[in-house]
Amino acid sequence: MKINDKKLKTETNNKDKKKLSKSKFPKGFLWGVAYSSFQVEGKIENNDWWRWSEQRKTKDKVGKACNSWNFYKEDHKLAQDLGCGGFRLSLEWSNIEPEEGEFSEEALKYYKKVLQNLKKRGMKRVVTLWHWGLPLWFADRCGWHNKESVKYFSRYCQKVINELGEEIDIFLTFNEPTIPLNKGYLAGVFPPGKINPWFYFQARKNMIEAHEKCYRLTKKVFPKMPIGITQFCNTFETKGFTSFLLDKFQDFYNWGFMKKKLDCHDFVGIDYYATFEPHFFPPSLKRKTTKNRWTDIGWGIYPQGIYNICLDSYRKFKKPIYIFENGLADAEDKYRANFIKEHLEKLHQAIEIGVDIRGYFHWSLLDNFEWNLGYEPKFGLCKVDRKTMERTPRKSYYEYGKMIKKKRK
Ligand code: BGC
């Protein structure tokens, strides 16, 4: 796809108000939903996040989550009815390798069944190898800050690729590695609960190495499989003299895992939620980004941000882009449908000027366990009654469905 770089530069503050209804997305564009094992499966007791929640370092205990371990067929049906062509989920390392070097045939069989069911329903399987929960043996004896982590993680990856590789369409080694690194090693609010910059840098280095190793070993078996990571991207619309430093920070924050070895990334995975700009910023630092729209957990709604990040990524890396997460905590479903529509409009504008964007996955299909914040934030297109586990679509679920149907060719 040819990109007009000059236009790209001037379009960052695009005033072009083309409406999505008039626009088609490219053929083969993947529409989807996303969730992760620990946040929905339930009864994952052998990992560090379970322990963290048992120790009441999270607002609620995770318990049975959404019991997707048993209700996965319902989840898949909801996604299929929505019109999704893709479904993003993660594998739980502690289920697959409960003890060091001992792999559970039962868990591998289970995940195979889940992935095959998605295929049967016509959805591409986007599989994340690690979405934050670590088996206790690894958390206690090793951790990411230990060099051995590369060996252990790539052995887990090799097993998954050998046993489940046929059932994976797009492979993500890591979900947002910067988040557990920052929160787990600098702020101490995620496991392993450390405040240790030295460990942080070691862990970061090891994760980059682990990604590269997994990339290569996977390509040996499945040379055509698209592999990458997905990153938590933020946008901080800066002005004034602070802007240079803030831009550098933003660059490190968004693309820190991309810079080194571009040959180990077939695409750029972007998870985008909000602008960095919190309410409490003084007006001198603020741009009118959010139009004063805030989600239930105080994140500023800013659709232009997804456009800016896609352009920034494409200019820097010239790699295809997937939006693997985008969503909001909105219990009353006040903003969600419009939020999706506005973000899709921005994506469409970026596509129109030549940015190669290949998919959009909404976070999340269900109200699920929101890490430290427990069950209070409601990110779901569907509500979950946590007693009966019944899933009830919100209005925005149907609205998103309509958008997909209109835009899918
Ligand atoms: C994570 C999800 C999380 C979502 C909303 C992302 O950073 O990948 O696990 O639920 O944000 O906070």
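How many nonpolar, polar and charged residues does the lining of the largest cavity have? By class, there are eight nonpolar, five polar and one charged.

## Overall architecture

The model is predicted. The protein chain contains 14 helices and ten strands. It has 409 residues, and 61% of them count as buried. Among contacts in the chain with a separation of 6 or more, 77% are between residues 24 or more positions apart.

## The largest cavity

The count of cavities of 30 Å³ or more comes to two. The largest cavity has a volume of about 110 Å³, and 14 residues line it. Closest to its centre are Y35, E41, L89, Y110 and V114.

At least two lining residues come from each of α2 (37–40), α4 (68–82), β2 (86–90) and α6 (105–120). Helix α4 gives the largest share of the lining, with four residues.

## The largest pocket

The largest pocket holds about 760 Å³ of space. Its lining consists of 31 residues, and I179, K183, F232, Y253 and W299 lie nearest the centre. Two or more lining residues are given by each of α9 (178–186), β5 (227–235), α11 (243–255) and β6 (268–275). By class, 17 of the lining residues are nonpolar, nine are polar and five are charged.

## Aromatic contacts

Across the whole structure, 44 aromatic pairs are found. One of them joins W144 and F174 in an edge-to-face arrangement, with 5.5 Å centre to centre and 85° between the planes. This pair links distant parts of the chain, 30 residues apart: W144 is in the loop between α7 (136–141) and α8 (148–164), while F174 is in strand β4 (residues 170–175). Both W144 and F174 are buried. The two also belong to one aromatic cluster, together with W93, W130, W137, F138, Y152, F153 and Y156.

Charged side chains also sit over aromatic rings. The charged end of K151 lies over the ring of Y152, a member of the cluster, at 4.9 Å from the ring centre. In another case, the charged end of R386 sits over the ring of Y375, 3.6 Å from its centre.

C214 is located in helix α10 (residues 197–221). Its relative accessible area is 0%, so C214 counts as buried. Leaving out residues up to four places away in sequence, C214 touches F153, S154, C157 and T173. Of these contacts, F153 is also in the aromatic cluster that contains W144 and F174. The C-alpha atoms of C214 and G228 are separated by 9.9 Å, and the two residues are 14 apart along the chain.

H343 is buried because its relative accessibility is 0%. Beyond its neighbours within four places in sequence, H343 is in contact with Y272, Y302, P303, I306 and N326. E342 has a relative accessible area of 17% and therefore counts as buried, since the cut-off for buried is under 20%. Not counting residues up to four places away in sequence, E342 touches R293 and P303. The C-alpha atoms of E342 and Y302, 40 residues apart along the chain, are 9.1 Å from each other.

## Backbone geometry

Which residues does a cis peptide bond with omega of about 10° join? The bond is between P191 and P192, and P192 is in the loop between α9 and α10. The peptide bond from W363 to S364 is also cis, with omega near 15°. S364 is found in the loop between β8 (357–363) and β9 (382–384).

The loop between β8 and β9 also contains W371. W371 is not a glycine, and its phi is positive, near 50°. With a relative accessibility of 5%, W371 counts as buried. K43, likewise a residue other than glycine, has a positive phi of about 60° and lies in the loop between α2 and α3 (48–54).

Key: Residues numbered from 1 in each chain as written. Predicted model: local features only at pLDDT ≥ 70, side-chain atom pairs only at ≥ 80, totals over all residues. Heavy atoms only, no water. 1 Å grid on protein atoms, 1.4 Å probe; cavity = no way out; pocket = protein on both sides within 12 Å on 5 of 7 lines; lining within 4 Å. Points joined across faces, edges and corners; volume = space filled by probe spheres on them. Nonpolar A, V, L, I, M, F, W, Y, C, P; charged D, E, K, R; others polar. Phe/Tyr/Trp six-rings, centres within 6.5 Å; stacked < 30°, edge-to-face > 60°. Buried < 20%, exposed > 50% of the residue type's maximum accessible area, 1.4 Å probe, protein only. Lys NZ or Arg CZ within 6 Å of the ring centre and 35° of its normal. Contact = heavy atoms within 4.5 Å.
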